[in-house]
Amino acid sequence: MKGEFVSSQHRNNSDIVVSPMRSGRFILMFIVLCILFSLGQFHRSSGSVLAPVFVEELMLNAEQVGLVIGGMFIFQGLMQVPSGILIDRYGTRIVLPAMVLIAVAGSLILGYAESWIGIFVGRAMLGIGFATSLLGAYTVFVRWGTPEMISTITGRFLFVGCIGALFSTLPLAWVLELFDWRSVFSTLAVATLVSAVLTYIVVRDVPFDAAPLKPAGPPETLRSSIAGLGMVLRDRRIWPILSIAIFLYSPMQMLIGIWAGPFLKDVHQVDSIHRSYVLLAMAIAMSFGMLMYGPIERFFNTRRSVVLMATGAIAVMFFLLATVGYASFWMSSILFVMITLAAPFFLVVLAHGQLHFAPEYASRAVSLISLLAITGVFIMQFVTGQVIGSVTDSTEVTGSVLGYRLMFALMAGIFLLMLLVYRRTRDIPPKG
């Protein structure tokens, strides 16, 4: 495929720009990278199906469920800065497969776990192993693509990657009806290993006709990267954004990632297959949410107002769940779906945050927001587990009705506070 097109970083003004999606080689790389990202999304979103299984077989309580399901995210968040440095220095082709081998080991440990400690260690290794799945793919898109195509390619990548979240709902519940969950994780370990090998074989960091990328200055170190993050932190313009960053992924990962499944089981006595229908609808809504925010912000020509509308709507829906929605299976299911549809507003926040800075600092802003957001998933899942467990004494359920209502009320309050804080940001309209 040599010579089909050239990267935006390696072409002259006289070159004809051709979309990378017209390159057979790039499409093959895109597919392989999507497979790895989908596997990571599967593990991130499987908590609602797996939590009741862990409770029944390993006798976990709500606090332990919040800890083991959220453990993946704390380690994934902490690995954002180091993995970015590794990719800059060694490239996606080397770093991504090497990191994914840790996820392979994590999946195997999960398959043989006999206690909550084994589950926690396995999911922690999954978080480390898949920490580079998005950043590594994005780096390839930047080096192979053109500036005007990056957002489109990334949006398609995220949309396709959500297939993993879809498979973590109803299909996973069906499989668990037929096979032991331990054999499922052993199979996933093999699939992940095959994907890692394919990534090394197929992916190339730059087009064949492009010169190898060389840094303009000395290689970045962990110390210099942290110093760059410090420069971003000192800029007061991003403080309101960073203040809410810890809650960015909460609506999605609080529901589809952990508590929606146990809630439907404990409060409405819904069996695993039927509650997985709700989880599947939520995952589909989340996928379309990934696609809708770009057109919405361009139509209204505002980012700040779009985030304010999304956080306000989510606050209202959590309030309804806490006050009246919890009592009806259909009402709670509809609210769950609507919340996950609105949840990908974080895409607008990421774009808004990086545009406050010059290009050389934009990636630092995004990595800092992502670090807080991913780490925040663990914090929120752990905290809400404590809230639910504090008013639940029965060993037959993960949580009581009161516990879930308190959790929903907490989320409503958090998103109302987020709305008030984000009002202090300066809007940067998409069309200038």
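The legends below concern a predicted model, in which local features need pLDDT of at least 70, side-chain atom pairs count only at pLDDT 80 or more, and totals for chains, interfaces and linings use all residues. Residues are numbered from 1 along each chain as its sequence is written, and side-chain values use heavy atoms, with hydrogens and water left out.

**Figure 1. Overview of the protein.** The protein has 20 helices and zero strands; helices (H or I, at least four residues) and strands (E, at least two) are DSSP runs, numbered from the N terminus. Of its 432 residues, 55% count as buried. Buried stands for under 20% relative accessible area, exposed for over 50%, and partly exposed for values in between (1.4 Å probe, protein chains only). Among contacts between residues at least 6 apart in sequence, 83% join residues at least 24 apart.

**Figure 2. Surroundings of T392.** T392 is placed in the loop between helix 19 (359-390) and helix 20 (401-422). T392 counts as buried because its relative accessible area is 13%. Its side chain reaches the backbone oxygen of I388 at 2.7 Å. A polar atom of the T392 side chain also lies 3.0 Å from the backbone nitrogen of S400. Such a polar contact is a pair of N or O atoms within 3.5 Å; within protein, one must be able to donate a hydrogen and the other to accept it, and residues adjacent in sequence count only if both atoms are side-chain atoms.

**Figure 3. The nonpolar core and F336.** A nonpolar core is a set of buried Ala, Val, Leu, Ile, Met, Phe, Trp, Tyr and Cys residues joined through side-chain atoms within 4.5 Å. The largest such core has 121 residues, of which F157, L248, W259, F318, F336, F345 and F408 touch the most other members. Apart from it lies another core, of five residues, including M79, V95, M99 and A131. Not counting residues up to four places away in sequence, F336 touches L255, A260, F263, L264, M282, L321 and F408.

**Figure 4. Aromatic residues.** There are 22 aromatic pairs in the structure. Rings of Phe, Tyr and Trp (its six-membered ring) pair if their centres lie within 6.5 Å; planes under 30 degrees apart count as stacked, over 60 as edge-to-face and the rest as tilted. One aromatic cluster is formed by F263, F318, F336, F345, Y404, F408 and F415. Elsewhere, the face of Y200 has R93 over it, at 4.2 Å from the ring centre. A charge sits over a ring if NZ of Lys or CZ of Arg is within 6 Å of the ring centre and within 35 degrees of the ring normal.

**Figure 5. The salt bridge between E114 and R182.** The structure contains five salt bridges, each a side-chain nitrogen of Lys or Arg within 4 Å of a carboxyl oxygen of Asp or Glu. One of them joins the side chains of E114 and R182 (3.8 Å, N to O). This pair links distant parts of the chain, 68 residues apart: E114 is in the loop between helix 5 (92-112) and helix 6 (116-129), and R182 is in helix 11 (residues 181-202). E114 counts as exposed, at 63% relative accessibility, whereas R182 counts as buried, at 16%. A network of salt bridges links E57, E114 and R182.

Figure 6. The side chains of R237 and D235 meet in a salt bridge (2.7 Å, N to O). R237 is partly exposed, with a relative accessible area of 38%, while D235 is buried, with 18%. K265 forms a salt bridge with D266, and their closest N and O atoms are 4.0 Å apart. K265 counts as partly exposed, at 22% relative accessibility, and D266 as buried, at 11%.

Figure 7. Leaving aside neighbours within four places in sequence, L172 is in contact with F42, S46, V49, L50, F167 and V184. The C-alpha atoms of L172 and I273 are separated by 9.4 Å, although these residues are 101 residues apart along the chain. Beyond its neighbours within four places in sequence, S333 is in contact with L264 and V278.

Notes: Contact = heavy atoms within 4.5 Å.
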